[in-house]
Amino acid sequence: MSLSRRRFISIAAGTGAAALALGGAVPARAGTGLRRWTGTAMGARAEMILPAAAMDLLPRLRAEIDRLEDVFSLYRPGSALSRLNRAGALDAPPLELVDVLGRARAVSTLTDGAFDVTVQPLWALRARHLQAGTEPTAREVAAARTLVDWRGLRVEPARVTLDRPGMAVTLNGIAQGYVTDRVADLLRGAGLEGVLVSLGETRALGPHPDGRPWTVAPGADAEPLPLREGALATTEPAASGGHILDPATGRAGGRLRRVTVQAPTATTADALSTALALMPAARRDGVARAGGATAIWAVET
């Protein structure tokens, strides 16, 4: 069973442009020279709004997305992440996996474990009970929590290991941002600006070609936010019955109905939006600033 971490955001290309829902059929705004690509990334619907001249790059971008899924996906048995979880160790890990796990550790340290990629045993327990139509018992949750500890994940360039049998990693709170950044970096490396990439998180390379900011709606009932450069990520803990699990309790959690983070990169915005959803209000601003966020928007429950 695939458990989505957040609902997809909708995008509008500038004030007054038609909203482009990620499954919609609205073309890019006439007269701008923009084209829209829709597909999948990390098992989710994805979209890129690109200059027409960038369309020749699509095969390369799609190949890169597919390559990174072979590193990060929980749903591909042969992915690097799946092999790590099965064996408890992975020799010669892909550079991207080492990079993401290193970044995840930094956010875990900053947030005192509110962000913890080793929360996968709790997700697996939840998935089993969802399939059976039951709820986990307190004893089952407590047992799964003994396998959750970001400090028990050892990351070195030559080997990644998990300290205890049964530990496992999910990158659902950071990998979509990382893939978004990688695709955006490829586009920027090709000399492109005026681009919007939404592969679970959103990254802008400069403003809309007509000079206005892109506008990104972080939720169906949320006011759109302007974005000229950098990234936005939104976490909605209550969506889909609760899709943020609190490592401290083992249960679906989240102190906020919605939290949106703006940061220079989608990787940072992605991880911080997950962590801040679980943190008390008194700590949010300080953690966000220390983590590299440039703005946060929090909506209380």
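In this predicted model, strand β7 (residues 159–162) and β5 form an antiparallel pair joined by three bridges. One of the residue pairs involved links D91 with R159, the latter in β7.

- Three strands make up an open sheet in the order β5-β7-β6, and their pairing is antiparallel.
- The edge strands, β5 (89–91) and β6 (153–156), each pair on one side only.
- On average, neighbouring strands of this sheet are turned by 5 degrees against each other, direction ignored.
- In general, strands of a sheet pair through backbone hydrogen bonds, in either a parallel or an antiparallel manner.

**Helices across the sheet**
- Helix α2 (residues 80–87) lies across β5 and β7 and runs at about 130 degrees to β5.
- Helix α3 lies across β5, β6 and β7, and runs at about 130 degrees to β6.

**The packing of α1 and α3**
- Helix α3 (residues 95–110) also packs with helix α1 (residues 58–72), at an angle of about 65 degrees and with the axes 9 Å apart.
- The crossing of these two helices is right-handed.
- From α1, the residues R67, L68, V71 and F72 meet E96, L97 and V100 of α3.
- This contact comprises five nonpolar and two charged residues, with no polar ones.

**The chain as a whole**
- The chain has 301 residues, of which 54% count as buried.
- Of the contacts between residues at least 6 apart in sequence, 61% join residues at least 24 apart.
- The chain exposes about 12800 Å², and carbon and sulfur atoms supply 54% of this area.

Conventions. Residues are numbered from 1 along each chain as its sequence is written. This is a predicted model: local features need pLDDT of at least 70, side-chain atom pairs count only at pLDDT 80 or more; totals for chains, interfaces and linings use all residues. Side-chain values use heavy atoms; hydrogens and water are left out. Axes are lines fitted to C-alpha atoms, for helices over the stretch in contact, and angles run from 0 to 180 degrees between N-to-C directions. Helices (H or I, at least four residues) and strands (E, at least two) are DSSP runs, numbered from the N terminus. A crossing is left-handed if the near helix is turned anticlockwise from the far one by less than a right angle, and right-handed if clockwise. Contact means heavy atoms within 4.5 Å. Ala, Val, Leu, Ile, Met, Phe, Trp, Tyr, Cys and Pro count as nonpolar, Asp, Glu, Lys and Arg as charged, and the others, Gly among them, as polar. Buried means under 20% relative accessible area, exposed over 50%, partly exposed in between (1.4 Å probe, protein chains only). Accessible areas come from the Shrake-Rupley method with a 1.4 Å probe; for residues, only the protein chains shown count as cover. Two strands pair if DSSP finds at least two bridges between them.
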